[in-house]
Amino acid sequence: MATIGFIGLGNMGGPMAANLVKAGHRVIGFDLLPANLERAGAAGVTPASDIAGAVAGAEIVVTMLPAGAHVRQVYTGPDGILASAARGTLLIDSSTIDVASARAVAAAAAEAGMAMLDAPVSGGTGGAEAGTLTFMVGGDEAAFAKAEPVLQKMGKTIVHAGGPGNGQAAKICNNMVLGISMIAVSEAFALAEKLGLDHQKLFDISSKSSGQCWALTTYCPVPGPVPTSPANRDYKPGFTAAMMLKDLKLAQEAASQAGANTPLGAEAAQLYNLYCSQGLGEVDFSGIIKMMRGDGSK
Ligand code: NAD
């Protein structure tokens, strides 16, 4: 069993670190928020008072931080991981961040003699608690092989997506499809309502036809057809609209840097921006159907 440093013990990182403890690893954790450090301590994580304390003696370091700026700071800052961890430490960043930051930090890690993987996840806090996350991993083959058994303690599906940054690329491409398709499904139900077509009838037909997609069959934005979807609990998340907006913005940033043409991704980002600007960022992202109806309902 390994000694693992874990930095960022929030909604996702807390339960992920707890699953590593349950698997028998020695986990040393650090978070800026004392309440999160305390909660992780109750789950068996040994609390450290700074980054250096969390990475001392660790063979592997996992980070789960809000955004690219935090990741850059925690890795490359003066008292950061690259300045504190031993050469040869395997670094795994599971935060969802921009591809450019992921590649820049991985390059800085390589210069410091450490292999680094970007390993963002999907599956939300439920998946983090149940240990059923999907990891999309970018980085070299040898580092992936070493990380895989550890990631398996926090997730169910572990996919190697290619070189550095490709985990983040996979995450934002997938979530761009999801954001666009949720809007498409919402528009279809809003149109069906105006045409007098029953929700269940549209679902029964479309879920067996060419309109079939995850946003329809697993996460249906109207109550009824899929009893487990957030629409049945007044759009309690799930996956918040603010998180979807974050990922759509990351996709747009990457598209503009790479010169890719993503007009529907751009439109989806604008629509989620409008939705969040109405104070609805903490509502599930499928709640956007209310805005698509265009009748002022929130
Ligand atoms: P969170 O805000 O609950 O947790 C982030 C933690 O990082 C906080 O506890 C914060 O105090 C800590 N932190 C920030 N800066 C720090 C620093 N310099 N040193 C130490 N700790 C620091 O966020 P979360 O919901 O756990 O999300 C984490 C990441 O996972 C994000 O990138 C998010 O996009 C991604 N993600 C979240 C979900 C979800 O459903 N919540 C799903 C998939 C991916």
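Q: In which loop does Y235 lie?
A: In this predicted model, Y235 has a positive phi of about 65° although Y235 is not a glycine. D234 also has a positive phi, near 55°, and is found in the loop between α11 and α12. Y235 likewise lies in the loop between α11 and α12.

Q: Which two residues are joined by a cis peptide bond with omega of about 10°?
A: Most residues other than glycine have a negative phi, and most peptide bonds are trans. The loop between α11 and α12, where D234 is found, also holds G238. G238 takes part in a cis peptide bond whose omega is about 10°, and the residues joined are P237 and G238.

Q: Against which helices do the buried residues of α10 pack?
A: The residues in question are L202, F203 and S206. Their packing partners are the helix over residues 166-195 and the helix over residues 214-217, in other words α9 and α11.

Q: With which residues is G179 in contact, leaving aside its neighbours within four places in sequence?
A: G179 has its place in helix α9 and is buried, since 26 other C-beta atoms lie within 10 Å of its own. T217 stands 38 residues apart from G179 along the chain, and their C-alpha atoms are separated by 15 Å. Once the neighbours within four places in sequence are left aside, the contacts of G179 are M244, L248, A268 and Y272.

Q: How far apart are the centres of domain 1 and domain 2, taken over C-alpha atoms?
A: The domain assignment gives domain 1 as residues 3-162 and domain 2 as residues 169-292. Nine residues of domain 1 are in contact with nine residues of domain 2, and on the domain 1 side these divide into five nonpolar, three polar and one charged. Taken over C-alpha atoms, the separation of the two centres is 29 Å.

Q: Which residues are closest to the ligand?
A: The shell around the ligand draws at least three residues from each of domain 1 and domain 2. The residues of that shell divide into 13 nonpolar, 12 polar and two charged. There are 27 residues surrounding the ligand, and the closest of them are G8, G10, N11, M12 and T96.

Q: Which element supplies the largest share of the shell around the ligand?
A: The elements that each supply at least two residues of this shell are α4, β7, α7 and α12. The largest share amounts to three residues, and the element that provides it is α4.

Q: With which residues is R103 in contact, leaving aside its neighbours within four places in sequence?
A: R103 is found in helix α6, residues 99-111, and is partly exposed, with 18 other C-beta atoms within 10 Å. Although R103 and G163 are 60 residues apart along the chain, their C-alpha atoms are separated by 9.2 Å. With the neighbours within four places in sequence left aside, the contacts of R103 are P164 and G165.

Q: Is E141 buried or exposed?
A: E141 lies in helix α8, residues 141-151, and its C-alpha atom is 19 Å from that of V99, 42 residues apart in sequence. Because E141 has 10 other C-beta atoms within 10 Å, it is exposed.

Methods. Residues numbered from 1 in each chain as written. Predicted model: local features only at pLDDT ≥ 70, side-chain atom pairs only at ≥ 80, totals over all residues. Buried ≥ 20, exposed ≤ 12 C-beta atoms within 10 Å, placed from the backbone. Helix = DSSP H or I, 4+ residues; strand = E, 2+ residues; numbered from the N terminus. Contact = placed C-beta atoms within 7 Å. Near = placed C-beta within 6 Å. Nonpolar A, V, L, I, M, F, W, Y, C, P; charged D, E, K, R; others polar. Domains from an automatic or database assignment.
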